[in-house]
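Keep the structure in view while reading.

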Amino acid sequence: MSERGPSGADEIIFDMSPKKKSEYSVPKLKDFSAVALEKAAKDFLSALATESKAAGSEAEWKIFRDRWMARANGLLTQINESWLKAAPKDAKRAAGQCVNELKAKVEEIVGATSERILNQAHSKGRPVGRAKTRDSASDPHGGESPGDRIDITLPGIRRPIGAEHPVIRTSREMVAIFQRLGYSVAEGPVVETDYYNFESLNFPPNHPARDTQDTLFIAGQESKPLRDRLLLRTHTSPVQIRTMQKMKPPVRVVCPGKVHRNDALDATHSPIFHQIEGLAVDTNITFSDLKGTLDHAMKAMFGSSVKTRFYPSFFPFTEPSADVQISCIFCDGKGVRDGAPCRNCKASGWIELLGCGMVDPNVYGFVDYDASKVSGFAFGMGVERIAILKYGVDDIQLFFQGDVRFLEQFG
Ligand code: DAH
């Protein structure tokens, strides 16, 4: 024998409650005590939350917004009339406060609901909103019913604006520092030839220095002479060469852009990243000019108390070459922070940030500059590395994952 549960058919016949749960309506208050007001406000807010959740499209959101906020007879107007205006003198203050709080809450929830719906539409790749076309000729009201009229006091749809990506922002900031020193900006191709990426920068074929840049080669290039084979540029230095081929000294240029290396992903490495290259060639440019320029740029980027130090290094296209370190911005160069060894600089007080040097005379040979008349310096820096330090980011992958929760913090 089957048993009838509480929702059995017999019970439904005698169930006199309406089929659809009725919509919330603002009660007239007889009792204006704090307890009664609180209870009324609670019901009001729970209806607001339920209806916000139920709105799933822009059209539904508009109905929801109008129901709560329309000046004519929205629920906010109603509580103003029947809770505030109707309140006896001694309850006015409390009723006013309650209505004000509810008003702020309605505005907040209506705004947040619109944002949620827009985001949903974006993530589904659907266009948001559709223009309404009216056939006014066949409509005796000229296409406008009273409920259709525009209430300009209602809030519009909040469209979230994007934020500049932290890597691009950092790159622009650094480029701007050099622009203020009189540098112009040049760009070059991301898919480069072996000639520009290596040979003209004084990396001879089969030279071990090529191994320091794990290169991603474009497939199917073997039939071409080595210098014409394509690869993803491993640094922005080829833009130096392209610039010098186009113009005679004096040259002052910065070259921001994307580069690639065949590196495995980890917290500090990414096969795709960005660099900014710099080049200055003129008569009588010295290593002191290089030091002064980079010291200024690092202070402009990280603050005037930052110090720089240069120590010998090797790059095929500069001689002499140097690596540049800045004093640790986390421990002020002390190597100790909050009584513990500073993790950011491994307690050394210094952080390595860029490579630089005096342009090797061999390089001038590739671009028809007279090495006996001109001299110059060059430098290159990684943009992500700078952004990591500047914004305290602990994983380079965050820059490339497109997670809005990370990116919107830069808005
Ligand atoms: N191209 C180098 C790299 O990616 C960085 C660099 C070092 C650029 C020294 C320069 C320079 O212009 O002079 O490792």
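Start in the sheet. G357 stands opposite A378 in β11. Helices (H or I, at least four residues) and strands (E, at least two) are DSSP runs, numbered from the N terminus. This is a predicted model, in which local features need pLDDT of at least 70 and side-chain atom pairs count only at pLDDT 80 or more, while totals for chains, interfaces and linings use all residues. Residues are numbered from 1 along each chain as its sequence is written, and side-chain values use heavy atoms, with hydrogens and water left out.

## The strands

Two strands pair if DSSP finds at least two bridges between them. β10 and β11 pair in the antiparallel sense, over five bridges. C356 stands opposite F379 of β11. β5 and β11 are antiparallel and share eight bridges.

β10 also pairs with β7, which covers residues 318–327. That pairing is antiparallel too, over eight bridges. Within it, V324 has L354 of β10 as its bridge partner.

How well covered are β10 and β11? Buried means under 20% relative accessible area, exposed over 50%, and partly exposed in between (1.4 Å probe, protein chains only). Eight of the 10 residues of β10 are buried. In β11, seven of eight residues are buried.

## The ligand

| Residue | Protein atom | Ligand atom | Distance |
|---|---|---|---|
| H235 | side-chain N or O | nitrogen | 2.9 Å |
| Q240 | polar side-chain atom | oxygen | 3.0 Å |
| F379 | polar backbone atom | oxygen | 3.3 Å |

Taken alone, the ligand exposes 350 Å², and the protein buries 92% of that. Accessible areas come from the Shrake-Rupley method with a 1.4 Å probe; for residues, only the protein chains shown count as cover.

## The nonpolar core

The largest nonpolar core has 43 residues. Such a core is a set of buried Ala, Val, Leu, Ile, Met, Phe, Trp, Tyr and Cys residues joined through side-chain atoms within 4.5 Å. M174, F178, L294, M298, F302, F379 and M381 touch the most other members.

Which elements give two or more residues to this core? They are α6 (166–179), β5, α9 (287–302), β7, β10, β11 and α11 (383–391). The largest share, six residues, comes from α9. In soluble globular proteins, nonpolar side chains tend to be buried together.

## Backbone exceptions

Most residues other than glycine have a negative phi, and most peptide bonds are trans. Some places in this model depart from that.

The peptide bond from P249 to P250 is cis, with omega near 5°. P250 sits in the loop between α8 (238–246) and β4 (251–260). Another cis bond joins E319 and P320, with omega about -5°. P320 belongs to strand β7.

K346 is not a glycine, yet has a positive phi of about 50°. K346 lies in the loop between β9 (340–341) and β10. At 76% relative accessibility, K346 counts as exposed. D368, also not a glycine, has a positive phi of about 60°. The loop between α10 (361–367) and β11 holds D368. D368 counts as exposed, at 66% relative accessibility.

## An exposed proline

P312 lies in strand β6, residues 308–315. Is P312 buried or exposed? P312 counts as exposed because its relative accessibility is 72%. P312 and V324 are 12 residues apart in sequence and 9.1 Å apart in space, C-alpha to C-alpha.

Key: Polar contact = N/O pair within 3.5 Å; in protein donor to acceptor, adjacent residues only side chain to side chain.
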